[in-house]
Amino acid sequence: MKKLFCMLLALVMLASCAVSAVAEEKYLGVMLSTNVMSLDTNLATDGESFEVIADCIDGLMQMDADGAAIPAIAESYDLSDDGTVYTFHLRDAKWSNGAAVTAKDFEFAWKRIAKEAGEYAYLLDTSVGCVKNADAIIYEGADPDTLGVKAIDDKTFEVTLEVPVSFFPSLMYFPTFYPINEEFYNSLEEGTYGTSPETFLCNGAFVLEDYTPGTATLSVKKNADYWDADRVKLDGIKYQVVGSSDNALTAYRTGALDLVTISGNQVAAAQKDASLSQSLKVTGAGYMWYLSFSQTEKNAQNGKLANANLRLAITNAIDRDNLVDNYVMDGSLATYTAVPPQFAASSTTGEDFSADQDAFLDYVGYDPEKALEYFETAKAELGVDSFEFTMIYGNNEGDEVAKVAQAIKEDVEDALPGLVINLQPMTKAERLDKMQNDNYDVALTRWGPDYADPMTYLGMWITDNSNNYGFWSNAEYDQLIKDCTIGAYITDYDARWAALFEAETLVMQEAVIAPLYTKANANLITSGVAGVEFHPVALNRVYKNATIE
Amino acid sequence: MLKYVLKRIGMALLTLLIITFLLFFLVRVMPGNPFPSERMSAEQIANKRAEMGLDDPILTQFVRYMGNVLQGDFGKGTSLYNGAPIKTVLSTAISNSFRIGGAAIVLGTLVGLLLGITAALNKGKFLDGFCTVFSILGVCVPSYVFLIFLQYTFSFKIPFFPYFFDPTRFAFSAVIPSLSLSLFTMSTIARFTRNEMVEVFDSDYVRLAEAKGMYGRKLVLKHVLRNALIPIVTVLAPLVVDLLTGALVVEKIYGINGIGKLMVDAIAGEGIDYNYVLALGILYSALYIGIMLVVDLLYGVLDPRIRVSAKGEEA
């Protein structure tokens, strides 16, 4: 009997040890604002998906805490003297099925991106990455095997570019350029890659643990076979899609989540609450909100907004400080440049491209008197005294957007008597549809940087670009952008930087757009959690260095 | 009877086909792009449209679509969870919504019946008043308000249940959403049961049964409840569809990957996803039509007179 009792006692103790071991697993609870749409690099288009893909897969390069590109799967790389051939030397790394990560995996994945010609295939074309022959494959259906990438051997991956691209290494941390194991991919039923932990191979800091498409919860766990496993301190991450920010705040308070994003009007309350103000961390979200003006004849009363003075009048009538302080309220920055601050720094001087927010004060700022002057000139030029425009905005793009639209309407109508702005809310899908079909006057819209170079914004306003929603066209501008992409400035970094600024000046001079604010995220992070790295571009959150006390 | 059933099923299938065609056509004239993209060129988007066959004549598209659907293939999303077959995504969502909704229906109906019977048997007394107040409250308070109350009380103040839905602990985390969803059904059923039973108690045949010396459980179950059930089944049918197809707000707040949430994502996401809207539309319609069919047939079981009159109609 005594023996039995002892055995039972031992069993209970063992069991309790097991239970406490489970309880001590350090999983970080993280909020996602929307569902992960796809884990396939060819199909993913949203920040949430990119974040989870990057948890699980390493590319040639990775981001350091400041967003600079540092080696990942590539141990090092050589660049040819003419700047067009990159030779990446791969380190020993393993996929989660034990196979080695080889140069072939990159070759396969990149060719697939070009062949499928999805949303982010453009990162390979001559507007960005300039990989040899990418344009012909993506836009003209040429043979994907002609893409300028080649696995020299298992450990050497060679990329040939059309022209030198100064920021090419920093593109390598973007998921579009991540590897996929060809053999594994081909062993799957068509259309099932990345739809479950079984159909998704990982070589990164974490492996996919629990996921089905459309799920509101997913988790990744530490990859013991990761090449840099010692650095990863978390046991895993448990993601939860949270629909409303009110719910996010309560979930944070219960301890259900360790990292949540709250809305602007909760920030003020959080700052007053001693227990929360300590945990508040404002990080740059990257994307910039701006007004787009349609300049074509069919909109805005027969193309009235083609008049630069009228656009300048509007952009000078908007009190951006008021917008961010009283309506957005989450730490977003009032923005007076066509390229927002925080994401693109010069690699020679290290200075942020848009550090100087006063650079264009002559053309944009809050100055109702100047706005009125522009307005009078515009009225004289157009021979009209009154204007009525419709401004479209999305009603499912954040709580603050409707308030911002209302504030802009009030500012503009106050400063410019005779100009009426009618607000028209709609879904984001409808807003995009209207803009893409050039069926709007003014739109409240946003753009986030895809890569760490001002071109991710400035490339939009060249003639015939699909994102040039205003249909503005300027030959001088087009030439400058061409010179910076494939022409005269591509080998002279500082000259290119200066030319980009010149191009931006043209946009601001004519108020092609009215920049409003650069979005921030107000995060709450549980005390004891450290090392989560936030980036305004590419990968918004990186957990490789994160720790929980 | 068999002819009647077959005719009913035939009608149901025809209705479903017409609804599907209307949906197929309407979704294509809705504002929004099936391939929402700010990065693809016009040619890229045109290629994607061509790949999906969206440029063919609508009848050709419809016939092809129906052919695939009959083989159980709903295609892939155009913008939503692209890559994964809709079947995969939908089956998880259906399983979640049906299990949670199913639990809510069973709970709501059982407790509702119990409350209704109690109230009817105690007509005019305290218990009747209590049940009436409860039903009014239950009908008036939206399920998501009750959900927030439960979530706040039993996941936050007293942290017993998980704060969000956790598919790995299904039963445990389904308690709060099922309970909050059941409230409306419970109240509606309780109210109808009480009123119907009170009416039936006053009817001549129950008086006769009482006069014959029947009383107690036998009287209530065999004569009163059975006759009171007919209108209740009618109310229950749409409730069942509502609950099975997911309560959108509850799913959103509690983080449940269900059908209601999927529908909103399909319409109000970045673009409008034709294939998801269609698949879900067919699902909703099929459920509604199917349950109405079951109700029609159930009437026959509950009240043979309905069966007889249907026969008469045929003749």
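**Strands, helices and the chain contact**

Author: In β7(A), A:Thr156 is the bridge partner of A:Asp153. Strands here are DSSP runs of E with at least two residues, helices are runs of H or I with at least four residues, and both are numbered from the N terminus. The model is predicted: local features need pLDDT of at least 70, side-chain atom pairs count only at pLDDT 80 or more, and totals for chains, interfaces and linings use all residues. Residues are numbered from 1 along each chain as its sequence is written, while chains are lettered from A and ligands numbered from 1 in the order in which they are written.

Reader: In what order do the 4 strands of the open sheet in chain A lie?

Author: Two strands pair if DSSP finds at least two bridges between them. In chain A the order is β4-β5-β7-β6, with antiparallel pairing. The edge strands, β4 (74-79) and β6 (149-153) of chain A, each pair on one side only. Over 4 bridges, β6(A) pairs with β7 (residues 156-160) of chain A in the antiparallel sense.

Reader: At what angle do helices α7 and α9 of chain B pack?

Author: Axes are lines fitted to C-alpha atoms, for helices over the stretch in contact, and angles run from 0 to 180 degrees between N-to-C directions. Helix α7 (residues 170-201) of chain B packs against helix α9 (residues 216-244) of chain B at about 160 degrees, with the axes 8 Å apart. The two helices α7(B) and α9(B) are therefore roughly antiparallel (an angle over 145 degrees).

Reader: How many residues of chain B are in contact with chain A?

Author: Contact requires C-beta atoms, placed from the backbone, within 7 Å. By this criterion, 43 residues of chain B are in contact with 37 residues of chain A.

Technical notes. Parallel < 35°, antiparallel > 145°, perpendicular 65-115°, else oblique. Contact = placed C-beta atoms within 7 Å.
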